[in-house]
Amino acid sequence: MESQQDDIQSFVGELRKIVHDAANEAELLSLVGPLVQRMVQKRSWLSAEMYEADSELGYGTTLLHAEPDQSLFVVVDSWLPGRGVPPHDHDTWAVVVGVDGTERNLFWQRLDDALLPGYAELQLMGERCITDGEALLLPSGSIHSVINETEHTSLSFHVYGRHLNFTERRQFDPENNLERPFKIAPRASHGAAGAQLP
Ligand SMILES: [Fe+2]
């Protein structure tokens, strides 16, 4: 446990330095990606309970670190087989690195001007499956959906530029051209995290 906490504190220290020193978000992402990949390789932070997931929601979230000022947010997410999350943004940058299993990400582009409340037109732009050790860099404004199409619970390591309980995330329904706030339902397991969606 001491090693776990030491590794997390050291990781967060490096994260803070990158965020402080980076000239722009692109540089930040290019540096945070490899840092998270190195952290994922260590496995010191990994525990069996991180694989637990809420059968209703289809996922589980374990909080590794949150900053007092809500900048930086580090979680490990688990996804049950066949489960996923609809298109959404994060209202901040994000880096996701696969830990165990394969997660299929679909990337979406918004076509409308976002002026009509509750309305959004999305177009599918591409996709990428991430598996163990692979990094996904998501600049602010990115819209993605995620699904675990495998027969096993997947695990991935997520770093966000802000605590997701304090962002104005949005969730989209591309079939019906709907946009709505991405609000969070409380979740009991792993307590400290409250509840977050990837
Ligand atoms: Fe996400």
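**View 1. V159 and the residues it touches.** Leaving aside residues up to four places away in sequence, V159 touches L15, V32, V36, V74, A94 and V95. Two residues are in contact if their C-beta atoms, placed from the backbone, lie within 7 Å. This is a predicted model: local features need pLDDT of at least 70, side-chain atom pairs count only at pLDDT 80 or more, and totals for chains, interfaces and linings use all residues. Residues are numbered from 1 along each chain as its sequence is written.

**View 2. The largest nonpolar core.** This core holds 30 residues. Those touching the most other members are V32, V36, A94, V95, V97, F157 and V159. Elements giving two or more residues include α1 (2-21), α2 (25-42), β4 (94-100) and β9 (154-162). The most come from α2, which gives six residues. A nonpolar core is a set of buried Ala, Val, Leu, Ile, Met, Phe, Trp, Tyr and Cys residues joined through C-beta atoms within 7 Å. Buried means that 20 or more other C-beta atoms, placed from the backbone, lie within 10 Å of the residue's own.

**View 3. A second, separate core.** It has five residues, among them W108, A120, I143 and F172.

**View 4. The whole chain.** Two helices and 11 strands make up the secondary structure. Helices (H or I, at least four residues) and strands (E, at least two) are DSSP runs, numbered from the N terminus. Buried residues are 34% of the 198 in the chain. Of contacts with a separation of 6 or more, 74% join residues 24 or more positions apart.

Methods
Buried ≥ 20, exposed ≤ 12 C-beta atoms within 10 Å, placed from the backbone.
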